[in-house]
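Here are my notes for your first read-through. Keep the sequence and the 3D view open, and take the points in order.

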Amino acid sequence: MAETKYHPSEEWTEPVERGKQYYRNRAKKLKRSNFLCKAKRNYKQNSSGRGVKLEQDEYNYLIAILEAMIEKKDTEERQLMTQNVMNQLKGKEIRTASNQVGSRVLENLLIYTDEESFATLTDTFAEHIRVFCSNPFASHVLDKMCHIAMLRAVAPLQVDEYKDAPQSKKQKSGTGERKKDFIWPSVEYSMKEQYSDEHRQKCRQFVERMAKFLLNNLEEFMQEPKPNFVIRQCMLNLSGIIDKNATEGRVLKHLIVPEQWHKLLQNFNERIFSCAQFAELVSKDLMTLLLQDLLRAVAATDDAFQLEQLVSKLYKEVFRAKRPKIKQEYDGDVKQETDSDLPSMYSSESIVKLLEECIVVAPSQFLKDKIFPKLFRSHVEQLALSRQYNFAVQKLIDHTSDKDLMDLIFSELEHSFKKLLDVGHTGVLFVLAKACVRLSCQQGKFVKLFCETLNCGDVAPEKMIMSVLYLQPADATPLSTPKIHLHGSLILQTILEFNKPIKFVTALLGMPNHRLAEIFIDPCGSFIANSFVQSRFVGEKSREKLIRQLEGQYCKLALTVHGSRVVEIMYEAGNPTQRENIVRELAEQCAQLNYKPWSAKVNKRLLVDTYKRDPARWKIAIKNDAKVDKMFSKLVDGKKRKLES
């Protein structure tokens, strides 16, 4: 596998320590440079790339701007560069936006454009909305313009989070930024920058004008890829969503928006469902993507009545509608759906994706009374074992807030643990463990079934823990040394939060300290230390025993990326005597700590240099540092002070 695919090259033999995101970030850099390389290659071939053809000097100028954008970090420099470039592109905005490289440039410039230039651009784009909606490159500029206009319009309506916050010169990525090549951060800057009331009003009018235009042309536009994309982004803007791709466990971030925008969003909802060909359109991928974003947008408005109406319509007209059966795949075997009693909606993968989004936002009672009985009951095991549809089961478990419903789901899966491991659908077991913690139910039964599946209930502590981490039976003999499985680590972390985790606590404390250190050095295994220390159901004596258990391994841990974080966790959890023992051990290899940035941070955080020179002085310094931490935490509402690396 190539190194650019987030993995090191097979030929790489030098044992160099890498950060967790090293190869992912490296791949992103290569992708950015690859785009520039292609742009430069086009220039050498007297071509202006994809989209509208530009003059060679114009195209070369845009390439130079892209290169400069990578280097420019200061906000003032970005503002100045934006002003200069916009002056150069005056009168050429439409042609520039319709070119691939020009589109990239304009998307960045819009963020730091001043009031006058931005107002001129909105007027120009508003006159050509229809053309821009269908253009593969200008549509992205139009979408970005609507997004920036939304941020500028609603900034005064927000509370505390962005108000009165100082604008830093080194602009960091804003909350909920879309991860896109070359795109400068927009949310934080747009929310803090001061604009006139007249400009904010004009931005609001642009958002509303664009929404009304899309509404008037909805049936035509939603069937075309680029206009469909613009409609989806417009709906998200109307609801104030700035973090569409929030990961599981995170709250979907959205801003406070004018009430009028909620009404416009409701108009989108009504118009979409009143389409003459809705039944035919809903089976198409474009339409289901549109409906997924509509669900997200309506859920963000906190309008419970409108949300329930929407999910009810989808339930009746989409999920419960009759559809022809097609072939499905289960456990690697292909068989006819007609031999199965699955609801017909499972014949369409795009509709299942829509169901997943519906599960995320649907009211808990609707989930219990409608979605589970009609779409999942008696099929949970079959769906969980399906390569294609096990994610719907995971969403269902993850968003179940009713104990009775959880008991029903668990009863359908309790005999499937081994099958789930065999087919590799370990994510189902993980969300099941999380639900047991969240709802305080079925915990003992989960542990019993899980241990029986892995044959690790009565084996030695080390064998038991490694069996869970590898997600392999304790009596299995692997051909090669296995690696810690992500879901294995997550399940163990979750079990430590059960009401009675004593079996696994005892097993961890019964392991040799060098094996514990190997686990904590691993990217996946290191977070077990967090759960062990933070769990309410792991006793104080057990925490102290773990800290003592790791004595003799702290230097080894501190010299690795993930182990260094474990050292800090153990230091924070320890009593004064244990803290001094940790620092004393680190002081023996104090010189080596400064060789790596992560171990140097431990050195600075724990004042290891000071301890090596004078232990008595270290005690005074560490007490003073603790007092400063306590005073600072009161000033920032209990949040821990961030230490500079």
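1. A helix here is a DSSP run of H or I with at least four residues, and helices are numbered from the N terminus. Is threonine 453 buried or exposed? Threonine 453 is buried, because its relative accessible area is 14% and the cut-off for buried is under 20%.

2. Stay with threonine 453 and look at its contacts. Leaving aside residues up to four places away in sequence, threonine 453 touches Phe417, Lys418 and Leu421. Now find histidine 415. Threonine 453 and histidine 415 are 38 residues apart along the chain, and their C-alpha atoms are separated by 9.8 Å.

3. Next, a word on confidence. This is a predicted model. The protein chain has an average pLDDT of 82, and 80% of its residues score at least 70. Two stretches need care. Over residues 1-17, pLDDT stays under 50, and the model has 19 contacts beyond four places in sequence for them. Over residues 631-645, pLDDT also stays under 50, and there the model has ten such contacts.

4. Now the whole chain. Its secondary structure comes to 37 helices and two strands. The protein chain has 645 residues, and buried residues make up 50% of them. Take the contacts between residues at least 6 apart in sequence: 67% of these join residues at least 24 apart.

5. Move to helix α8, residues 138-154. In α8, 17 of the 17 residues are buried, so the helix is largely enclosed by the rest of the structure.

6. Compare helix α2, residues 56-71. It has 16 residues and reaches 23 Å from its first C-alpha to its last, close to the 22 Å expected. Which residues of α2 are buried? They are Gln56, Glu58, Tyr59, Leu62, Ile63, Ile65, Leu66, Ala68 and Met69. Keep one rule in mind as you trace them. An α-helix has 3.6 residues a turn, so residues three or four places apart point the same way.

7. The structure holds one cavity of 30 Å³ or more. The largest cavity has a volume of about 30 Å³. Leu54, Glu58, Leu62, Leu89 and Thr96 line it. By type, that lining divides into three nonpolar residues, one polar and one charged.

8. Finish with two serines. Serine 378 is not a glycine, yet it has a positive phi of about 75 degrees. Serine 378 sits in the loop between α18 (364-376) and α19 (380-384). Serine 378 counts as exposed, because its relative accessibility is 58% and the cut-off for exposed is over 50%.

9. Serine 440 also has a positive phi, near 50 degrees, in a residue other than glycine. Its place is in the loop between α23 (426-439) and α24 (443-454). How does serine 440 count at 43% relative accessibility? Serine 440 counts as partly exposed.

Conventions
Residues numbered from 1 in each chain as written. Predicted model: local features only at pLDDT ≥ 70, side-chain atom pairs only at ≥ 80, totals over all residues. Heavy atoms only, no water. 1 Å grid on protein atoms, 1.4 Å probe; cavity = no way out; pocket = protein on both sides within 12 Å on 5 of 7 lines; lining within 4 Å. Points joined across faces, edges and corners; volume = space filled by probe spheres on them. Nonpolar A, V, L, I, M, F, W, Y, C, P; charged D, E, K, R; others polar. pLDDT = per-residue confidence, 0-100. Contact = heavy atoms within 4.5 Å. Expected span 1.5 Å × (residues − 1). Buried < 20%, exposed > 50% of the residue type's maximum accessible area, 1.4 Å probe, protein only.
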